[in-house]
Structure formats: structure tokens, C-alpha cells
Amino acid sequence: MERIKEKYKHELARFDIQRNNIHRLWNIHQETAELLYTFVKIKAPEHILEIGTSNGFSTFWLSIAAESCDAVVDTIEVDEDRFKLAKKNLVNRKNIIQRFGKAELIIPELTDKFDFVFIDAGKINYIDYIKILINKLNNNAIIVADNVISHKDTVKEYLDYIESSDLFDSVTLNIDSGLNVAIYKAK
Ligand SMILES: C[S@@+](CC[C@H](N)C(=O)[O-])C[C@H]1O[C@@H](n2cnc3c(N)ncnc32)[C@H](O)[C@@H]1O
């Protein structure tokens, strides 16, 4: 990953500065970013959905991974300041569609299907996101949810659902804030 970090060092330095100077960006940790990048490279999806853009740090990592498979990254953010900051940070990325608003209102309006989803927004809403996403997932779609260990009580309903549903195979990784990785199996 050192080669990638060197290639994008100017863009990544901007995120470092913002993380140290702006409160409440809640960016994923570096190891999670690199894992997301790797998952996207392995999966080679056509269409990626991210719920919770913040200033675009995780979006950036999804976007650079998505380049090699010509995938599009759709990303949703409800906070206007963070949405605008992400716009500036991601201005040179050509494979990103940024959407402003509540994910639970935007997702039902999306007509495309997704084969890679990263969930990193309101923890209490994870269960709502997955339920409205079900009919927007391609077979074998990968759904990665962050903070499933750091916020395990808040996301309990989501984890219980994913782990008990025969629509998903999943594993929880004890990395950074805790990542649940699920594969959707269409019936
Ligand atoms: C943990 S941060 C995302 C961090 C980002 N993924 C990263 O690593 O750079 C969560 C973001 O989700 C946004 N959010 C919370 N509830 C949301 C909702 N219902 N719809 C869209 N975005 C939401 C918050 O405003 C916040 O910016």
C-alpha cells in the first residue's frame, strides 16, 4: 500500500490536515481504508454505494480502487458543511456521484443496483439502510459496515438481522472500530 500512498500523497495530506483541525469528521482509520481499497480491487464491482461521506476520506479510497474496474461510487451525506468539504476534496475524482440528503430518503429513489456497499452513517439507522437496500443489491454484493464493535449496542439490530438472515453470509473483523463484511445471496 506504500506505493498507493506515495502516488496520492498530496490528496491524502489534505485529509490529514482536516482530520487534525476540524471536529466531527469521523474518518475511518487507515487500516480500514486500505482494507476497503483491497476489497474493491478483489470484487471489481460495477457500482459502489457509500452511506456517510463526511469530508470524503473513505470515498477517496473507494474511488481510487474503483478506477481499475471503471466502477462508479455513489456517496450520500446529510450534513451540508461536510458535503461541501467533500466536494472540494474530491473535485478531481471523475468516478464519484455525491448526493446530499438523508440516505433513507435518497436510496429508495436510486434506480441502479449495487454490488459493493459501505455503511458508515447514523449507527442507529444501519438496520433501516439495509432493509431499503435489499432490492437494490446484485447477487453476491458485498456490504461492509463500520463501527460494529465500537457501537455494538447501537448496531445490534443490524448485526442480528445480517447474522440470522439466510440472505447473507457474514463475518465481523476486529479491525479498528470493527467491520462487518456480508455477502448478499439473492433468492
Ligand atoms: C462516520 S462519518 C463518515 C465518515 C466517512 N465514511 C469517512 O470515513 O471519511 C458519518 C457521516 O454520516 C452522515 N450521516 C449521518 N446520518 C446520515 C443519513 N441519515 N444520511 C446520510 N448521511 C448521514 C454524518 O453527517 C457523517 O458525516
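Guide: Helix α7 covers residues 126-133, and its buried residues are Y126, Y129, I130 and L133. Buried here means that 20 or more other C-beta atoms, placed from the backbone, lie within 10 Å of the residue's own; 12 or fewer makes a residue exposed, and anything in between partly exposed. Because these residues cover an arc of only 95 degrees around the axis, they sit on the same side of α7. The arc is that of the directions from the helix axis to the C-beta atoms. Among the elements that cover the buried residues of α7 are β1 (47-51), α6 (103-106), β4 (114-119), β5 (137-146) and α8 (156-164).

This is a predicted model, in which local features need pLDDT of at least 70 and side-chain atom pairs count only at pLDDT 80 or more, while totals for chains, interfaces and linings use all residues. Residues are numbered from 1 along each chain as its sequence is written.

Now the whole. The protein chain has eight helices and seven strands; these are DSSP runs numbered from the N terminus, helices being H or I of at least four residues and strands E of at least two. Of its 187 residues, 40% count as buried. Along its principal axes the C-alpha trace of the protein chain spans about 45 × 35 × 30 Å. Of the contacts in the protein chain with a separation of 6 or more, 69% are between residues 24 or more positions apart, a contact being two C-beta atoms, placed from the backbone, within 7 Å.
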